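Here's a quick tour of one protein model, written for someone just starting out. Keep the picture open while you read.

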Amino acid sequence: MRMMHSVPKTMTAVLLTGHGGLEKLVYSRDVPVPAPAAGEVLIKVTACGMNNTDVWVREGAYGTEDDPSAVSTWRRHGNTLTFPRIQGTDTVGHIVAVGEGVDRARIGERVMVDFSIYNRDDDSLADIDYMGHGRDGGYAEYMALPAENAHVVATDLTDIELATFCCAYLTGERMLERARLAAGETVLVTGASGGVGSAIIQLARARGAVPIAVAGPGKEAAMLDIGAQAVVTRGQGDLAEAVEAASGGRPIDVVADLVGGPLFNDLLKILRPEGRYTTAGAIAGPVVQLDLRTMYLKQLELHGSSQGSRADFRRLVRYIEEKKIRPLVGGVYPLSEFHRAQTDFMAKNFVGKLVVVPD
């Protein structure tokens, strides 16, 4: 291992010790600093963004195909989660050491981490995992990862700002790519004030599409500010009528849904014939009612999506460098106050992303 400077033997980190409540997240000051293996780098973490996946994995809220209420982690087939685990996907840091086979010149680079663990050489996502689940992530002072997943981004954004992008925007870009959202089309975005939802609004604009946001009361102005053409306030009146008024009668080509729950069938009714529905989350409930007649009579497409491919990540980096998308920092917390950070995250009283930084 080749190092930029002396790296300590231990570090502070937040350890997920099992499925359950916040008590399963333990702040520890004596976690061994990982050593980069061959082909890996060691980064000193400067910022790491929070995501819904952190909470659902902690709670074991993914269920199984046979029992939706069963305690289960994100990867249903071939589980790779072991405890204790350091979570955290949206990591930014500086390379301080490299393993065998990695150019020493990389030491000192500021990098954004592509958190995906690609188990195939092509862009298939059939057997994908992620850092923070299959191996340790960024809720720590140091993190080891494959060198190919550490990317220099040509931007003057701060480390905290850069840490708002990866998981949410990569997830959103994959959703839009799967649904083939094209320039001039209209996309309805649920959960629009959250990390993925606010990302999709900007990513839709980057594609030349027209986003309409569905968001909670009091968040309308923020949605318009980041690029929504119009905003539907959630829970106020008939959703279909509100969307028609907001769109000015434009057909809804794509629904990008992060909410699920009772809204699901209404969202399918809102779609135009041959429209496309895409989802990567279900914060209002994963088990939904579906009238199959709505689906087949309108000849709809339904897409499930999770994470993103290498090609999706390259587009994301290009959007950042070309300033087609911008960071939305909803709050910053020290690692030692992780419980407060995740409590605030679950309350959803913010727009964009919350970011955790080492003390």
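**The second largest pocket**

About 160 Å³ of space lies in the second largest pocket. A pocket here is an open set of points on a 1 Å grid over the protein atoms alone, where a 1.4 Å probe fits and protein lies on both sides within 12 Å along at least five of seven lines; the volume is the space filled by probe spheres set on the points, with grid points joined across faces, edges and corners. Keep in mind that this is a predicted model: local features need pLDDT of at least 70, side-chain atom pairs count only at pLDDT 80 or more, and totals for chains, interfaces and linings use all residues. Residues are numbered from 1 along each chain as its sequence is written, and side-chain values use heavy atoms, leaving out hydrogens and water.

**Around the pocket**
- The lining (residues with an atom within 4 Å of a point) includes M11, V31, P32, I86, R135 and Y142.
- Strand 9 (142–146) and strand 3 (25–32) each give at least two lining residues; strands are DSSP runs of E, at least two residues long, and helices are runs of H or I, at least four, all numbered from the N terminus.
- Strand 9 has the largest share of that lining, with 3 residues.
- Sorted by class, the lining has 8 nonpolar, 1 polar and 2 charged residues. Nonpolar covers Ala, Val, Leu, Ile, Met, Phe, Trp, Tyr, Cys and Pro, charged covers Asp, Glu, Lys and Arg, and the others, Gly among them, are polar.

- How do helix 3 (residues 166–178) and helix 9 (residues 310–321) cross? Their axes come within 9 Å and cross at roughly 115°; axes are lines fitted to C-alpha atoms over the stretch in contact, with angles from 0 to 180 degrees between N-to-C directions.
- On the helix 3 side, Y169, L170 and R174 are among the residues that meet helix 9, whose partners include F313 and L316. Contact means heavy atoms within 4.5 Å.
- The residues of this contact split into 6 nonpolar, no polar and 5 charged.

**Backbone spots to look for**
- The peptide bond from F83 to P84 is cis, with omega near -5°, and P84 sits in the loop between helix 1 (52–59) and strand 5 (90–98).
- R180 isn't glycine, yet its phi is positive, near 55°; find R180 in the loop between helix 3 and strand 11 (186–189).

- T279 belongs to strand 15 (residues 271–279).
- Skipping neighbours within four places in sequence, T279 touches M175, D257, H303, G304 and S305.
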